[in-house]
Amino acid sequence: MDISSTPISTSVKSPHVVLDLWYPDGNLILENEDSIFKVYSGLLAQKSTVFRDMFTFPQPTSSQEIPTVRLYDSTEDLTWFLKAIFDAEFFEPPPSTTDLSIVGGILRLSSKYDVQFLRKRAMLHVQTTYPSTLKAWKRRDTHRSIPPVDNSPFAILPLVHEFELDWALPAVLYCLCSYNVDQIIDGVTFRTQHFTLGEEDKRKVLIGRAELVHLQNKLSFRCLRSPPHRDCPSRTECAEQFRKWLDHVSSWNMADPLDYLDENWESLEEDLCLSCIAQSKNDTQVTQHEIWEKLPQIFKLQSWTALKVLEDKAMDGK
């Protein structure tokens, strides 16, 4: 960051003025390569130790001058970051929803400028979408605060690596395993940007995908090939329905053992008696728990216990 002084001006044509962050009575100008912001130094210093330390240097005393700080961050990231500081309603914690691009920009600059409450808030949004417990995974569709967008796991993986959010890796890598092999190898487009996996991640996902498909078939056999429940009133009919469903799910080539049976319970309930459906659900829950516990091992990561320690430290700002 570079700091200088600039005559106060009511008309700034170049660079671009970000109107949402141009306060007429502001006492600090922030500028980057193509944009300019006018904000309040006191609030910025209160939230950011980096800016606080910078403002300890002597400032211009002339009433006709206003400090100007040159930054080297993108306009998009700066806009999200400054809005989160100066507009309390812009970036609220979960369950309020946000966007992956906003989370990424705020995570990036809150780490750079040491704004701990925003960094934690960004991580909480990641946590609701890529959780570290099976319980949270099961309620992910209704509790996630980053709405699903096509190919978003490819976009968030670089952020997880960059900011060492290792506790989110099992869920992110698991999501990547649901893509077909060509997409894993060649990459995908997220909005307007193309993302490809690094060689190590690519290897983990391809090997993990094969293992998850194997476990998915094992889950299918365990839940759908078991004999009808002892209290089943129609054993022949339920056995036949089990066989049909086993043929159906065994043909799937998508690695999604944590969800794929859950998404079909409504249809299964129409075909099976109450005792058999209860038995199948119980078998599914037990097997899915076993699979979840194996995720770090499948992807050659630290144990869930070690990852939980890292998650707790990150949330505590350590």
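This is a short tour of selected residues in a predicted model.

**Stop one: Asp 73.** Select Asp 73, in the loop between β5 (65-70) and α3 (75-86). Asp 73 is buried, at 11% relative accessible area. Now show Tyr 113. Leaving aside residues up to four places away in sequence, Asp 73 touches Asn 32, Leu 78, Leu 109, Lys 112 and Tyr 113.

The structure holds twelve aromatic pairs. One of them is Phe 51 with Phe 55, a tilted pair with 6.0 Å between centres and 40 degrees between planes. Both Phe 51 and Phe 55 are buried.

**Stop three: two tryptophans.** Select Trp 137 and Trp 292. Their ring centres are 6.0 Å apart and their planes stand at 45 degrees, so this pair is tilted. Trp 137 lies in helix α6 (residues 134-138) and Trp 292 in helix α14 (residues 274-298), so the pair ties together parts 155 residues apart in sequence. Trp 137 is buried at 4% relative accessibility. Trp 292 is buried too, at 2%.

**Stop four: charges over rings.** Select Lys 47 and Phe 117. The charged end of Lys 47 sits over the Phe 117 ring, 5.3 Å from its centre. Then go to Arg 140, whose charged end sits over the ring of Tyr 130, 5.3 Å from the centre.

**Last stop: Leu 165.** Find Leu 165 in the loop between α8 (152-162) and α9 (169-176). Leu 165 is buried, with 1% relative accessible area. Residues touching Leu 165 include Leu 107, Arg 119 and Met 123.

Note on methods. Residues numbered from 1 in each chain as written. Predicted model: local features only at pLDDT ≥ 70, side-chain atom pairs only at ≥ 80, totals over all residues. Heavy atoms only, no water. Helix = DSSP H or I, 4+ residues; strand = E, 2+ residues; numbered from the N terminus. Buried < 20%, exposed > 50% of the residue type's maximum accessible area, 1.4 Å probe, protein only. Contact = heavy atoms within 4.5 Å. Phe/Tyr/Trp six-rings, centres within 6.5 Å; stacked < 30°, edge-to-face > 60°. Lys NZ or Arg CZ within 6 Å of the ring centre and 35° of its normal.
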